[in-house]
Amino acid sequence: MVFLLALLVDARLRVAHVLTLEKTPLFGRLVGDAARYDAWGQAIAAGDWLSGDKPFFQDPLYSYFLGALYRLVGHDLAAVRWAQVAFAVGTCALIGVLGRQVSGPVVGNVAPWCWALFLPDIFNTGEVDKTALGLLLSTAALACVLRPSLPARAGAGVLVGLAALVPGN
């Protein structure tokens, strides 16, 4: 019950943040990396899967996520943010799973609360930014690698490979 409550609080805080952002005039205005990811995602949604004939300047997976989302729902920055809310809630759940795997039920119940109340991630969830996707993939990879089965470990390898396509470091 404590675990589920943490997930609900996590979702509620991030939803409240996105709903607050929607009321600001800058909600649809992107600058810097966000503008570049958005433009690249739109190009991918339009069919330019390889982004011309030049090597990638930025990490590609987030733009491909945007391209797939835009292909499904059209160019909608609110949809991006709602997907990132889902990513953050998934990360929160995985943090609880990891806490249980590593240290038992008490940590499995406390750890998601730490994530749910982590203000920098609440802020990042509302940005058109690769952070939510990268954290979800990395946390999922860690949860898989701690499982004893071969399929789980193979899944961890796939997730690590995907996670490597998200951050610039």
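Biologist: Leaving aside neighbours within four places in sequence, which residues is Y62 in contact with?

Modeller: This is a predicted model, and what follows is computed from it. In it, Y62 is in contact with Y37, V80, Q84, V128, D129, K130 and L133, once neighbours within four places in sequence are set aside. Y62 counts as buried because its relative accessible area is 1%, and the cut-off is under 20%.

Biologist: How should I read a nonpolar core?

Modeller: In soluble globular proteins, nonpolar side chains tend to be buried together. Here the largest nonpolar core has 28 residues, and Y62, F65, L66, V80, V128, L133 and L137 are those with the most contacts inside it. Two or more residues come from each of α2 (32-45), α3 (61-73), α4 (77-103), α7 (131-145) and α8 (150-163). Another core lies apart from it; this one has 7 residues, including L7, C92, W115 and A116.

Biologist: How many aromatic pairs does a search of the whole structure find, and how is such a pair described?

Modeller: The search finds 6 aromatic pairs. A pair of aromatic rings is described by the distance of the centres and the angle of the planes. For Y37 and Y62 the ring centres are 5.4 Å apart and the planes stand at 85°, so this pair is edge-to-face. Because Y37 lies in helix α2 and Y62 in helix α3, the pair ties together parts that are 25 residues apart in sequence. Y37 is buried, at a relative accessible area of 2%.

Biologist: Which residues do ring pairs link into a cluster?

Modeller: The cluster consists of Y37, Y62, F65 and F87. Elsewhere, a ring meets a charged residue: R81 lies over the face of F27, at 4.1 Å from the ring centre.

Biologist: How do I read a helix such as α7?

Modeller: An α-helix has 3.6 residues a turn, so residues three or four places apart point the same way. Start with the length of α7. At 1.5 Å a residue, its 15 residues should span 21 Å, and the end C-alpha atoms are 21 Å apart, which agrees. Its buried residues are A132, L133, G134, L136, L137, T139, A140, A141 and A143. Among the elements that cover them are α3, α4 and α8.

Biologist: Where is I44, and what does I44 touch beyond four places in sequence?

Modeller: I44 has its place in helix α2. With residues up to four places away not counted, I44 touches W49, S63, Y64 and G67. I44 counts as buried, at 1% relative accessibility. From I44 to G74 there are 30 residues in sequence and 12 Å in space, C-alpha to C-alpha.

Biologist: How do I read the chain as a whole?

Modeller: Take the elements, then the overall dimensions. The chain has 8 helices and 0 strands. For 169 residues, a compact globule would have a radius of gyration near 15 Å; the chain has 17 Å, which agrees. Along its principal axes the C-alpha trace spans about 50 × 40 × 25 Å. Of the 169 residues, 43% count as buried.

Biologist: Among contacts between residues at least 6 apart in sequence, what share joins residues at least 24 apart?

Modeller: That share is 69%.

Terms used:
Residues are numbered from 1 along each chain as its sequence is written. This is a predicted model: local features need pLDDT of at least 70, side-chain atom pairs count only at pLDDT 80 or more; totals for chains, interfaces and linings use all residues. Side-chain values use heavy atoms; hydrogens and water are left out. A nonpolar core is a set of buried Ala, Val, Leu, Ile, Met, Phe, Trp, Tyr and Cys residues joined through side-chain atoms within 4.5 Å. Buried means under 20% relative accessible area, exposed over 50%, partly exposed in between (1.4 Å probe, protein chains only). Contact means heavy atoms within 4.5 Å. Rings of Phe, Tyr and Trp (its six-membered ring) pair if their centres lie within 6.5 Å; planes under 30 degrees apart count as stacked, over 60 as edge-to-face and the rest as tilted. A charge sits over a ring if NZ of Lys or CZ of Arg is within 6 Å of the ring centre and within 35 degrees of the ring normal. The expected span of a helix is 1.5 Å times one less than its number of residues. The radius of gyration is taken over C-alpha atoms; the globule rule is 2.2 Å times the number of residues to the power 0.38.
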